[in-house]
Amino acid sequence: MAAQWSLALRDPATPFVGSAAAPLAAPALTNASSSLARLVAQSLADLSSLRLCERTEADRTFFAAGAPWFLTLFGRDSLIAARLLLPADTEMAIGTLRTLAGRQGTAVDVDRAEQPGKILHEVRAATLDLQQGTVLPPEYYGTVDATPLWVLLLADAVAAGVDPVAEGLMDGLHGALTWLRDHSDPDGDGFAEYYDTSGHGLANQGWKDSGDSIRFADGRVADGPIALVEVQGYCHAAAIAGADLLERFADDPAGAAFWRDWAARLKARFHEQFWVSDAHGRYPALALDRQKNAVTGVASNMGHLLGTGLLDADQEALVVSRLMSPEMFSGYGIRTMSTDNVAYWPTRYHVGSVWTHDTAMIIDGMLRAGFDAPARTLAEGLLRAAEGFDYRLPELFGGQSADEVFPPLPYPASCRPQAWAAASGITVAKALGAL
């Protein structure tokens with residue numbers, strides 16, 4: 001007689017519980033290699049294992065950011081993972097949008113970085129002390145990009161057939177647009193930016209949230225407030241998408257006209273202030289710093305502008321060319337920072353490593369902008385990297401060239417599985433023509 005055992009763990013203090021939903025269904029793949037099929041299968045298994053939901057509302061299901069370090073709700077991570085997964089599944093997009101709208105900011109609270117309409121950064125069971133003065137409250141809103149990314153996920157979900165009125169998501173849209181209009185630009189210079197006014201929050205509040213990630217070409221760290229390049233793209237795309245949604249689902253032509261004009265003005269300002277040049281030509285700066293100087297580091301962030309409408313066709317071609325240069329493309333993915341940067345190191349967290357989702361978002365932008373050939377090249381690079389990690393793409397890995405190493409050098413503290421890295425497998429399949 002075979003022995004069996006089971007272990008049930010419960011912690012009533014945790015804000016979320018594991019989802020009891022059936023595993024995510026595998027999409028039908030067309031002409032997929034065995035390697036690609038294995039990557040997609042592993043990606044879906046990992047994503048299924050990372051699903052959490054609100055304790056009392058099982059339809060508010062989302063992806064935890066990653067295991068073991070970030071097994072909770074992170075607004076940005078959950079949104080990006082759900083957005084990358086959309087070609088294969090819309091239910092996780094709906095659950096993610098509902099979860100985050102249910103916790104959308106309602107007041108100005110400096111300690112929590114909360115503002116009306118803002119989408120939160122993370123939720124934990126207790127205060128998190130990261131040492132050296134960084135102490136995050138259990139519900140923390142210190143992110144500059146989650147709110148426009150919420151709008152973009154909603155727009156993509158609608159394009160995939162989701163009805164935002166039936167799903168109860170229009171109030172969340174109105175709130176997100178309110179934040180974009182009233183709170184994204186605290187100093188009135190016309191750009192979305194961030195600065196920790198609490199004295200104990202995150203110094204950097206984009207996806208590259210380490211303290212040393214925003215650097216000039218000579219390696220100097222930029223001083224905040226910081227206006228990140230990719231966030232301007234997210235905001236421009238969110239304004240256009242918001243206008244379309246207001247027109248289509250809220251019968252609000254005046255609101256739609258406001259947001260289209262807002263986007264046009266942002267685009268004009270961006271072209272005046274963000275473009276810089278070096279020996280290789282023109283490119284969008286990484287950010288604007290406290291003095292409104294262009295932060296000249298050549299970084300992967302510029303790739304997130306592709307497909308947002310913020311660039312014209314010639315400018316998108318310049319960005320693609322720079323990203324595919326040997327200084328940026330390792331052969332496995334896009335480095336977070338160019339090898340030309342004085343501070344570059346291949347295993348530096350945001351200053352030389354390759355982040356799986358970062359490359360996947362660039363692939364997605366290339367596909368939206370019509371750059372199918374380079375998107376395929378990047379997808380082939382990520383697939384090759386996946387083969388070196390037993391088809392479980394990690395959060396990040398070393399930026400060494402594919403001509404030098406195989407498999408890619410692992411990053412010691414990388415999450416595996418990690419939601420937006422796993423969802424990148426779907427983007428790879430899409431770029432390779434299997435979806």
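A residue is called exposed here when its relative accessible area is over 50%, buried when it is under 20%, and partly exposed in between, using a 1.4 Å probe and protein chains only. By that definition Asp 251, with a relative accessible area of 67%, is exposed. This is a predicted model, in which local features need pLDDT of at least 70 and side-chain atom pairs count only at pLDDT 80 or more, while totals for chains, interfaces and linings use all residues. Residues are numbered from 1 along each chain as its sequence is written, and side-chain values use heavy atoms, with hydrogens and water left out.

**Positive phi**

- Most residues other than glycine have a negative phi, and most peptide bonds are trans.
- Asp 251, which is not a glycine, has a positive phi near 50°, and this residue lies in the loop between helix H6 (229–249) and helix H7 (253–273), where helices are DSSP runs of H or I with at least four residues and strands are runs of E with at least two, numbered from the N terminus.
- Asn 31 likewise has a positive phi, of about 50°, although it is not a glycine; Asn 31 sits in the loop between E1 and helix H1 (34–49) and counts as exposed because its relative accessibility is 79%.

**Cis peptide bonds**

- Phe 406 and Pro 407 are joined by a cis peptide bond with omega of about 0°, and Pro 407 is found in the loop between strand E14 (396–397) and helix H11 (419–431).
- Arg 416 and Pro 417 are also joined by a cis peptide bond, with omega of about 5°, and Pro 417 lies in the loop between E14 and H11.
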